[in-house]
Amino acid sequence: MALFWRGLIILPLLFVYASSHFIYTKRHFDKPEVVGFKDLDYLHGDGGGFLSGPIEADDGVKASKTVVEAESDDDDNDDDDGDKKSKKKKEKKNQKNKKEKKKSKKDKKYDESFHTLPVESLVNEKGGDGNTDDSSQLVGYNVVTAQTTFKGSWELFVENSGVSAMHVVLLPNINQALIFDATVWKVSKLKLPGPPCRHVEGTNEEDCFAHSILLDVETAHIRPLRLNYDTWCSSGALDINGRLVSTGGYNNGSDTVRILDLCDTCEWQEFPGALGNGRWYATQVTLADGKFIVFGGRDFPTYEFVPPEGQKNTINEVINFPFLKETHDPVENNLYPFVFLSTDGNLFIFANNRSVLLNTQTHTIIHEFPVLPGGARNYPSSGCASLLPIMLKPNEDRKSIPAEVLVCGGTLHDAYTKADLQRPKVFLPGNTDCARIDITKRNGKWKIQNMPSARLLGDMVVLPTGDVLLVNGAKTGSAGWDDARDPNLHPVLYKFQTDGTGSKFTVLNPSNIPRMYHSSFAVLPDAKILIAGSNTNPGYLDDALFPTEVRVEKFSPHYLDPNFGMFQQEIIVENSNNQVKYGQKFTVQIRGNVEIDQQKLQVTIYSPPFVTHGVAMNQRLIQLGIVEFNKNVAINTNNIVLQAPINSNIAPPGYYMLFVNYNGVPCRRSMWVRILP
């Protein structure tokens with residue numbers, strides 16, 4: 001009888017839970033290809049323009065099921081109501097659950113002061129699946145960090161970079177930030193040093209302004225570079241030799257591949273017509289073999305491998321990708337998709353509010369994850385995302401290495417319509433949520449938490465310590481020309497690992513420069529963050545609500561507390577291995593002023609991303625397993641023996657910044673390490 005009454009109580013609750021968590025309006029299925037505009041006069045948003053006609057969904061196709069993790073208090077499965085032991089167990093569990101609920105309420109109040117806590121393992125967050133296997137509790141995860149209340153500091157690095165930083169990437173070895181915008185406006189704030197000027201296609205005009213520069217991140221020296229084919233809203237990645245390979249752009253640049261090598265006199269090499277489709281607002285990803293695929297772009301729900309230097313793709317090399325049709329809203333919301341190489345060699349692709357795993361060998365989708373509710377995340381709704389740190393053990397031998405993705409911010413599906421196409425403009429609030437999912441699990445579910453404030457048009461920076469910095473962006477509106485308001489001036493720190501107490505978010509000190517649409521960042525060798533860009537205008541305007549921004553800042557995160565100088569180690573490059581093969585044991589030598597406690601030591605490698613429109617293409621941080629720690633090989637000098645990643649699914653070949661972090665404080669300067677193919 002007791003079971004009967006228990007059932008009557010539980011069944012309605014289950015119905016309510018299922019209704020709120022598993023029913024979601026169906027959207028974006030089987031959408032026809034659309035024809036966009038090529039003439040500049042038609043461009044309404046980001047030069048992005050609108051579409052040539054309405055797109056209708058196929059109502060006959062079933063929507064994907066939305067599944068998110070929520071707290072649940074499961075009763076013990078014990079039917080013997082008379083069992084005293086069972087009752088005692090239940091009473092203890094109920095008391096524990098009450099305590100946890102009280103604690104969770106406290107967690108929702110954001111801690112405005114920063115206190116880094118010792119981390120013993122990767123703990124399950126609220127909404128976790130309860131899995132506590134070896135993949136989430138590894139030897140070497142227990143990095144202890146110092147406590148600080150320092151919330152970061154800002155410095156103006158360059159008053160006038162000459163070119164607004166729509167695109168940024170840090171180039172290996174030479175430590176120069178490559179910055180470029182677009183040629184379409186035929187103007188910037190920096191003239192080329194001399195002829196030849198760029199001939200403007202289809203006219204008799206010449207454009208003598210620079211649209212690309214190399215910025216020395218230490219001296220602030222600027223070297224203008226010449227561009228002929230438009231890079232507006234393009235994509236890119238570093239190759240195994242450290243060169244930037246850039247793809248796509250606008251008009252004559254949309255099917256162009258560009259290469260910039262690493263030397264004091266190197267200029268852009270441009271290969272127009274190299275791509276089979278035009279790639280405007282596309283995403284370029286590096287594969288395990290070092291090759292590239294470029295996904296999507298306006299009007300082209302396809303992908304293709306980037307051809308070798310000097311070669312051209314034909315239309316036969318282009319692969320249809322219906323997922324990019326299915327995720328296409330009337331105002332897109334699936335451009336610049338988030339694409340990450342998973343540790344199993346498949347690609348995780350997120351567009352709009354859906355995500356899949358793609359096998360690039362068979363060109364088939366092998367898994368679709370639950371829909372992420374709450375709005376759209378890709379351009380022009382423009383949230384941000386990152387692959388979270390990949391954690392390796394000493395003497396790594398696991399067949400499956402966990403990998404998680406974090407997606408934050410964005411806005412409602414119709415935000416662009418309200419801000420760009422409606423008069424008067426209406427600026428809808430951005431999203432406040434951050435969602436995290438393990439992309440190596442087929443039963444992975446989104447774990448959702450709220451940020452301290454709304455953010456769209458922002459950037460997600462994976463810091464050398466593995467924590468995440470949310471920076472730049474706005475609180476209301478959409479991507480597009482003059483389509484956003486309420487700059488979000490406060491960076492927010494997201495703690496990748498916690499001990500389960502306190503908030504995962506910490507609000508840091510604000511900048512006084514709004515960084516709205518077309519902002520960007522780069523992680524620097526000294527662990528500061530270069531912050532640049534912001535242009536909500538179709539050109540270079542000084543009298544706009546948000547003027548075209550050419551100032552460049554540096555942000556010092558919490559770990560650069562002035563009181564932490566004693567913890568900063570120096571890498572002795574000449575006594576360290578800077579070229580390694582997969583699985584190889586190698587040595588990094590460090591020197592410092594304090595006795596080293598191995599429990600406070602962490603070594604990470606970071607792949608510099610190509611950053612544009614809130615998308616950090618190929619950003620990747622890996623914590624290496626420490627195999628040996630040899631103390632005092634010389635005065636104040638220690639050797640760390642590490643194991644390189646065991647395969648290229650974990651870390652594609654190429655250049656990485658190696659950071660040695662002690663007590664949660666990065667070394668004075670990272671060392672460039674090359675993983676050989």
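I started with Cys208, which is partly exposed because its relative accessibility is 25%. My cut-offs: buried is under 20% relative accessible area, exposed is over 50%, and partly exposed lies in between, with a 1.4 Å probe and protein chains only. The model is predicted, so I kept its limits in view: local features need pLDDT of at least 70, side-chain atom pairs count only at pLDDT 80 or more, and totals for chains, interfaces and linings use all residues. I number residues from 1 along each chain as its sequence is written, and side-chain values use heavy atoms, with hydrogens and water left out.

**Entry 1: Cys208 and its partner**

I looked up what Cys208 is joined to, and found a disulfide with Cys197, S to S 1.9 Å. I call a pair of cysteine sulfur atoms a disulfide when they are within 2.5 Å. Cys197 sits in the loop between β3 (176-180) and β4 (198-199), and Cys208 in the loop between β5 (206-207) and β6 (212-216), so the bond ties together parts 11 residues apart in sequence. Strands here are DSSP runs of E, at least two residues, and helices are runs of H or I, at least four, numbered from the N terminus. I then checked the handedness: the S-S torsion of Cys197 and Cys208 is about 105°, so this disulfide is right-handed.

**Entry 2: the other disulfides**

How many disulfides does the structure hold? I count three. Numbering the bonded cysteines in sequence order, I read the pairing as 1-2, 3-4, 5-6.

Cys263 and Cys266 form a disulfide, with sulfur atoms 1.9 Å apart. The torsion about their S-S bond is about 125°, so I noted right-handed. Cys263 is partly exposed at 28% relative accessibility. Cys266 is buried, with a relative accessible area of 12%.

Cys408 and Cys434 also form a disulfide, their sulfur atoms 1.9 Å apart. This pair links distant parts of the chain: Cys408 is in strand β22 (residues 404-408) and Cys434 in strand β23 (residues 433-438), 26 residues apart. The S-S torsion of Cys408 and Cys434 is about 115°, so the disulfide is right-handed. Is the pair buried or exposed? Both Cys408 and Cys434 are buried.

Cys384 is buried, at 3% relative accessibility. I also looked up Cys233, which counts as buried at 0% relative accessibility.

**Entry 3: strands**

I traced an open sheet of four strands in the order β12-β13-β14-β15, with antiparallel pairing. Its edge strands are β12 (283-286) and β15 (319-320), each pairing on one side only. I take two strands as paired if DSSP finds at least two bridges between them. β12 and β13 (residues 292-295) run antiparallel and are joined by four bridges. Which residue of β13 is the bridge partner of Gln284? I found Val294.

Next I checked β27 (residues 474-477) and β28 (residues 484-487), which run antiparallel and share three bridges. Gly477 has Ala484 of β28 as its bridge partner. This hairpin has six residues between the strands, and Gly480 takes a positive phi near 130° there.
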